Amino acid sequence: MPRLVCFRCGDAQLEQPQAYVYLLGIYLGDGYLVPFPRDVWHLRIFQDERYPGLIAECDQAIRAVSHRRVGHVKKIGCVQISCYWKHWIHVFPQQGPGPKWLRPIRMAAWQQTLIETYPAELLKGLIHSDGTRFVNPITRRFAGRVVRYSYPRYMFSNASDDIRSLFIESCERLAVRWTQTNARNVAVSRSADVAFLDTFIGPKF
Ligand SMILES: [Zn+2]
């Protein structure tokens, strides 16, 4: 008898809830569940090939949640990180027809409890999928001299109102000030908040 390893329908415990919440953020931002025969689901996540650290973190999170083998396939400019498992549909019940931004994305009660407990991990997963940390160059004239400096900002970009709301709610749980910069972008720009996010997110690596 194979050991049941699903923390939703089986007898396994969710041993690393932070890893689950991080993976949930990645999945919501840019993950896909593709159906296969015999009720198997294929989780597919794409990361830029320039960020081996992000690829490794994603790989570890998938293993922590599923205890399954993780595949890496090089594509043009990116790496597909993937895993076959019957239980992805239990741990990511947001799966449905069509893209996520065309349908409501609601958290199950058990997911809501987890994301309220680990808001930093959700923010990290969302930024590691649909987010960026970039440096704004600024040129100012000061006392007759041209002064150039730069400051980093975080930006989260997603077409789903519900997924952007999850990002915003997680910012608010951590007392991080956010601004909506256009219909699909939310920015964190205040230097103290950027410094705080840098303690657990930082530049992509
Ligand atoms: Zn299950």
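This is a friendly conversation about some features of a predicted model.

Reader: Why is the pair of tyrosine 20 and phenylalanine 92 called stacked?

Author: A pair of aromatic rings is described by the distance of the centres and the angle of the planes. For tyrosine 20 and phenylalanine 92 the values are 5.8 Å centre to centre and 25° between the planes. Ring centres within 6.5 Å make a pair, and planes under 30 degrees apart count as stacked, so with 5.8 Å and 25° this pair is stacked.

Reader: What makes this pair a tie between parts of the chain?

Author: Tyrosine 20 lies in helix H1, while phenylalanine 92 sits in the loop between helix H3 (88-91) and helix H4 (109-117). The pair therefore ties together parts that are 72 residues apart in sequence.

Reader: Why is the pair of tyrosine 20 and tryptophan 110 called tilted?

Author: Here the centres are 5.6 Å apart, with 40° between the planes. Under 30 degrees would be stacked and over 60 edge-to-face, with the rest called tilted, so 40° makes this pair tilted. This pair also links distant parts of the chain, with tyrosine 20 in helix H1 and tryptophan 110 in helix H4, 90 residues apart.

Reader: How do you know that tryptophan 110 is buried?

Author: Its relative accessible area is 19%. Buried means under 20%, so tryptophan 110 counts as buried. Tyrosine 20 has a relative accessible area of 0% and is buried, and phenylalanine 92 is buried with 0% too.

Reader: Which residues do ring pairs link into a cluster?

Author: The cluster is made of Phe7, Tyr20, Tyr27, Trp85, Trp88, Phe92 and Trp110. The structure holds 11 aromatic pairs.

Reader: Let us turn to helices. How do you know where helix H1 and helix H5 stand to each other?

Author: Two packed helices are described by the angle between their axes and the distance between the axes. The axes of H1 (residues 17-30) and H5 (residues 119-130) come within 7 Å and cross at roughly 35°. The crossing of H1 with H5 is right-handed. On the H1 side the contact includes Gln18, Val21 and Tyr22, and on the H5 side Glu121, Leu122 and Lys124 are among the residues taking part. Sorted by class, the contact of H1 with H5 has seven nonpolar, six polar and four charged residues.

Reader: What makes proline 119 a buried residue?

Author: Proline 119, which is placed in helix H5, has a relative accessible area of 8%. The cut-off for buried is under 20%, so proline 119 is buried. Leaving aside neighbours within four places in sequence, proline 119 is in contact with Ser170, Arg173 and Leu174.

Reader: What puts the buried residues of H7 on the same side?

Author: In helix H7 (residues 191-198), the buried residues are Asp193, Val194 and Leu197. They cover an arc of only 100° around the axis, so they lie on the same side of H7. Ser191 and Ala192, on the other side of H7, are exposed.

Reader: What do the buried residues of H7 pack against?

Author: Their partners are H5, strand S6 (145-157) and strand S8 (185-188).

Reader: Which residues is glutamate 57 in contact with, leaving aside its neighbours within four places in sequence?

Author: Glutamate 57 belongs to helix H2 (residues 52-66). Its contacts beyond those neighbours are Tyr22, Lys124, His128 and Phe205.

Notes. Residues are numbered from 1 along each chain as its sequence is written. This is a predicted model: local features need pLDDT of at least 70, side-chain atom pairs count only at pLDDT 80 or more; totals for chains, interfaces and linings use all residues. Side-chain values use heavy atoms; hydrogens and water are left out. Axes are lines fitted to C-alpha atoms, for helices over the stretch in contact, and angles run from 0 to 180 degrees between N-to-C directions. Helices (H or I, at least four residues) and strands (E, at least two) are DSSP runs, numbered from the N terminus. A crossing is left-handed if the near helix is turned anticlockwise from the far one by less than a right angle, and right-handed if clockwise. Contact means heavy atoms within 4.5 Å. Ala, Val, Leu, Ile, Met, Phe, Trp, Tyr, Cys and Pro count as nonpolar, Asp, Glu, Lys and Arg as charged, and the others, Gly among them, as polar. Buried means under 20% relative accessible area, exposed over 50%, partly exposed in between (1.4 Å probe, protein chains only). The arc is that of the directions from the helix axis to the C-beta atoms. Rings of Phe, Tyr and Trp (its six-membered ring) pair if their centres lie within 6.5 Å; planes under 30 degrees apart count as stacked, over 60 as edge-to-face and the rest as tilted.
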